[in-house]
Protein chains: 2
Amino acid sequence: MIRIVLLGTGNVAKHLFDAFSIQKDVKIDQVYGRNQKSLDFFKKEATVTTDIKKIKDADVYIIAISDDAIEKLSNELENKKGIVVHTSGSVPLTALSNKNRRGVFYPLQTFSLNKKVDFKMVPVCIEAENEGDYALLNQLASTISENVSGIDSEQRKSLHLAAVFVNNFPNHIYHITKEICDEKNVSFDLLKPLITETSEKLEELSPYDAQTGPARRNDLGTIQRHLDLLDNKAHKKIYSTLSKSIQKAYGKKL
Amino acid sequence: MIRIVLLGTGNVAKHLFDAFSIQKDVKIDQVYGRNQKSLDFFKKEATVTTDIKKIKDADVYIIAISDDAIEKLSNELENKKGIVVHTSGSVPLTALSNKNRRGVFYPLQTFSLNKKVDFKMVPVCIEAENEGDYALLNQLASTISENVSGIDSEQRKSLHLAAVFVNNFPNHIYHITKEICDEKNVSFDLLKPLITETSEKLEELSPYDAQTGPARRNDLGTIQRHLDLLDNKAHKKIYSTLSKSIQKAYGKKL
């Protein structure tokens, strides 16, 4: 049985809590949050506290809070024997106090409050400073995920950047597209099968080979007609920046 | 039984051919292509021809060729009685010869040679000039798709633009991300569950609500660290253009 104290009450903390709660080899003994209200979600199934001095002993302390606050909170855990890990993609392991055994437990996924996630498919990127701690984190991660990788802090920085590219940017592009659809009085829902297919295609084709469209064909007439259709200057800029990048990738002279 | 002549041999033609071939109420009588080799794919299950003068009589002529060539080819069909349709998102109905009954049959999906598509889920956007022709196209589209909509040429122009946004741009961003992963020696495959989740989230959340990440939080430190990590100037530009657009969408002053 691996005993856990979870520190944090946001989306990542909640999704981890849900994933661990149904495992028999793991027990979340306690959840720490800055205020009582934020702990409502957890208190039915775990002890909760707002007092950092009352943190229990555990095998693993999982800090799932905003990046900026990780270092300070880890300093408060210096007297603990368990391994202290954070869940951030962009914070190095060394941000944690070196008075603790320390590690990283980074689930590479986007978590929203009202959207369940199948944790089995979520890549969990782990890092530790010695084999014993790595083995423990590997064992812990494997209870919830079938996709556990050892990733060092340098690689994780790049992965986090890559995650922003594949999640934040396409999602924002969907938002812009919804604005365009609303303006032009067509249903955004008509595009959902295309959005699904665009991501599913990557199982069979590289994104380079999967590329289609006017920019790939260097079809300047269509590109110009699309720019003319866009009323919003910011949308025009995104269209032309990305189209130029596609044209360049496929060897067209600009 | 609706009898079809298919004109064109590219990806759209092939996917339509596959989808219609398994329907009992539809028969593709003939496929026209510019050269014999391009017709290999079709000749086992249909008559094929490279001679536009030998086109048979049919209920519907489906022109699935490159946008620029549609008008010219439609002029060659002027003596035909069936309805002539094209499959393009960006070409108006009026590009077809007005000596024919004419319409549009636009499947809103991305088609690649080596990727099967479940046509049932593909929105088919149809347009015609009278109720009888619309009913025929509706009947034809409904044999292969459960998602048929009447969309006029003006709306279709906007939909095609929207399709470029949600397909071409995210796919190119995946390509850039793969380049970054290759450079930084991390596996692009680790990102695939995140890519899938990003599109699946749209079933439950609007893209505006689903947005996460440093730009949404206006986390300038992380944005700067990401820009520093990017070696490629073009990648930096895409990162900063999209991040600024996200910051603006969530009301941050730039």
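A salt bridge here is a side-chain nitrogen of Lys or Arg within 4 Å of a carboxyl oxygen of Asp or Glu. In this predicted model, A:Glu197 and B:Lys115 form such a pair, with their closest N and O atoms 3.4 Å apart. The count of salt bridges between chain B and chain A is 2. Polar contacts across the same interface come to 31 residue pairs, both residues of each pair being at pLDDT 80 or more.

The largest share, 26 residues, comes from α4(B). Sorted by class, the side of chain B that touches chain A has 40 nonpolar, 30 polar and 13 charged residues.

In total, 83 residues of chain B are in contact with 83 residues of chain A. The two chains bury about 8,200 Å² between them, and 69% of that area lies on carbon and sulfur atoms. B:Phe165, B:Val166 and B:Leu190 supply 9% of what chain B buries against chain A, more than any other three residues.

Turning to chain A by itself, the chain has 8 helices and 8 strands. Its C-alpha atoms fill a box of roughly 65 × 35 × 30 Å along the principal axes. Of its 254 residues, 56% count as buried. The accessible surface of chain A is about 11,400 Å², with 46% belonging to carbon and sulfur atoms. Among contacts in chain A between residues at least 6 apart in sequence, 53% join residues at least 24 apart.

Key
Residues are numbered from 1 along each chain as its sequence is written. Chains are lettered from A and ligands numbered from 1 in the order in which they are written. This is a predicted model: local features need pLDDT of at least 70, side-chain atom pairs count only at pLDDT 80 or more; totals for chains, interfaces and linings use all residues. Side-chain values use heavy atoms; hydrogens and water are left out. Contact means heavy atoms within 4.5 Å. Buried area is the accessible area (1.4 Å probe) that two parts lose on being put together, summed over both. A polar contact is a pair of N or O atoms within 3.5 Å; within protein, one must be able to donate a hydrogen and the other to accept it, and residues adjacent in sequence count only if both atoms are side-chain atoms. Helices (H or I, at least four residues) and strands (E, at least two) are DSSP runs, numbered from the N terminus. Ala, Val, Leu, Ile, Met, Phe, Trp, Tyr, Cys and Pro count as nonpolar, Asp, Glu, Lys and Arg as charged, and the others, Gly among them, as polar. Buried means under 20% relative accessible area, exposed over 50%, partly exposed in between (1.4 Å probe, protein chains only). Accessible areas come from the Shrake-Rupley method with a 1.4 Å probe; for residues, only the protein chains shown count as cover.
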